[in-house]
Amino acid sequence: MKKLKIAIISLSICACIGSAIAVEKINSSIQVINTSADHLIYSNADDLSNYADLVIIGTPTKEFSEYEPYINLNSAGRIDDYCTFVEIKPIKILKGNVNGDIIKASQRAALIDNGSILSGKELLKNEEVQLLEKDRKYLLFLKDIGNGQYSIVSLNQGVFKLDNLPITDKLAKIASNDSLKANNQYNDLRNLVLEKYKKDIN
């Protein structure tokens with residue numbers, strides 16, 4: 001594994017909000033607020049798999065906008081922590097055990113209704129996070145955070161979309177980040193992961 005500037009692993013519900021924040025006005029109703037945070041990156045599929053408690057092929061059961069976000073405020077009334085628990089239906093379990101038909105996994109993103117008629121809703125997310133789309137197939141690496149819940153390993157490092165279909169979910173399209181396509185580290189890791197699990201994927 002390689003480290004970014006400062007490696008941060010959080011097994012709590014979500015990691016702390018990154019210090020860098022970029023705001024992009026998408027339309028009159030949704031504003032995307034991108035945050036950044038240091039996190040572990042992986043140079044090979046074995047290290048990623050070994051760190052994960054659960055490796056599955058699965059599909060989200062709802063659109064991201066249908067989920068209730070988790071928001072924690074500090075004493076000053078400002079957002080201190082955030083995420084959204086996405087419900088995933090396992091298709092194939094490659095590592096670990098699953099109890100029940102649905103897995104709840106946290107993504108570092110939250111759709112917030114700020115109560116303003118003028119500014120509408122805000123999508124708070126880490127800049128590297130790709131929102132999971134309903135009914136799309138993913139290979140996911142998850143970490144157990146207790147209470148039957150999981151978090152996706154290291155933001156986007158544990159998410160691999162298994163189809164090449166265009167993004168159709170409105171919110172996922174708004175939140176998509178073209179820089180991920182040019183991320184050599186992620187693309188190299190993706191190739192290694194898909195090679196390691198090619199028999200399970202096909």
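**Stop 1**

Select Leu 73. This residue is found in strand S6. The model you are viewing is a predicted one. Leu 73 is partly exposed, with a relative accessible area of 48%. That value falls between the 20% limit for buried and the 50% limit for exposed, so the label is "partly exposed".

Next, pick Arg 78. Look for this residue in the loop between strand S6 (69-73) and strand S7 (79-95). Is Arg 78 buried or exposed? Arg 78 is exposed, at a relative accessible area of 62%. Show its contacts, leaving out residues up to four places away in sequence: Arg 78 touches Asn 72 and Leu 73.

**Stop 2: the whole protein**

Zoom out and colour by secondary structure. The protein has four helices and 13 strands. Of its 202 residues, 43% count as buried.

How far along the sequence do contacts reach? Take the contacts between residues at least 6 apart in sequence: 69% of these join residues at least 24 apart.

**Stop 3: the cores**

Hide the surface and go inside. Select Leu 123, Leu 131, Leu 132, Leu 140 and Leu 142. These residues have the most contacts inside the largest nonpolar core, which has 28 residues. Several elements give two or more residues to this core, including strand S3 (30-35), strand S5 (54-60), strand S11 (138-146) and helix H2 (170-175). Which element gives the most? The answer is H2, with four residues.

Stay with Leu 132. Show its contacts, again skipping residues up to four places away in sequence. Leu 132 touches Pro 60, Val 86, Ile 88, Gln 107, Tyr 138, Leu 140, Ile 152 and Val 159.

Apart from the 28-residue core lies another core, of 15 residues. To find this other core, select Ala 45, Leu 48, Val 55 and Leu 189, which are among its members.

**Stop 4: Asn 126**

Move to strand S10 (residues 120-126) and select Asn 126. Asn 126 counts as buried, at 2% relative accessibility. Label the distance from its side chain to Glu 128: a polar atom of the Asn 126 side chain lies 2.9 Å from the backbone nitrogen of Glu 128.

Which residues does Asn 126 touch, not counting those up to four places away in sequence? The list is Asn 34, Thr 35, Ser 36, Ala 37, Tyr 82, Arg 108 and Leu 155. Keep Arg 108 in view for the next stop.

**Stop 5: salt bridges**

Side chains of opposite charge can pair when their charged atoms come close. A search of the whole structure finds eight salt bridges.

Begin with Arg 108. The side chains of Arg 108 and Asp 81 meet in a salt bridge, at 3.5 Å from N to O. Arg 108 lies in the loop between S8 and S9, and Asp 81 in strand S7, so the pair ties together parts that are 27 residues apart in sequence. Are these residues buried or exposed? Both Arg 108 and Asp 81 are buried.

Go on to Glu 133 and Lys 161. These residues form a salt bridge, with the closest N and O atoms 2.9 Å apart. Glu 133 lies in the loop between S10 and S11, while Lys 161 sits in strand S13 (residues 159-161), so parts 28 residues apart in sequence are tied together. Glu 133 is buried, with a relative accessible area of 4%. Lys 161 is buried too, with a relative accessible area of 12%.

Finish at Asp 46 and Lys 196. The closest N and O atoms of this salt bridge are 2.9 Å apart. Asp 46 is in helix H1 (residues 45-51) and Lys 196 in helix H3 (residues 184-196); the pair links distant parts of the chain, 150 residues apart. Asp 46 is partly exposed, with a relative accessible area of 43%. Lys 196 is partly exposed as well, with a relative accessible area of 41%.

Key: Residues numbered from 1 in each chain as written. Predicted model: local features only at pLDDT ≥ 70, side-chain atom pairs only at ≥ 80, totals over all residues. Heavy atoms only, no water. Buried < 20%, exposed > 50% of the residue type's maximum accessible area, 1.4 Å probe, protein only. Contact = heavy atoms within 4.5 Å. Polar contact = N/O pair within 3.5 Å; in protein donor to acceptor, adjacent residues only side chain to side chain. Core = buried A, V, L, I, M, F, W, Y, C linked by side-chain atoms within 4.5 Å. Salt bridge = Lys/Arg side-chain N within 4 Å of Asp/Glu carboxyl O.
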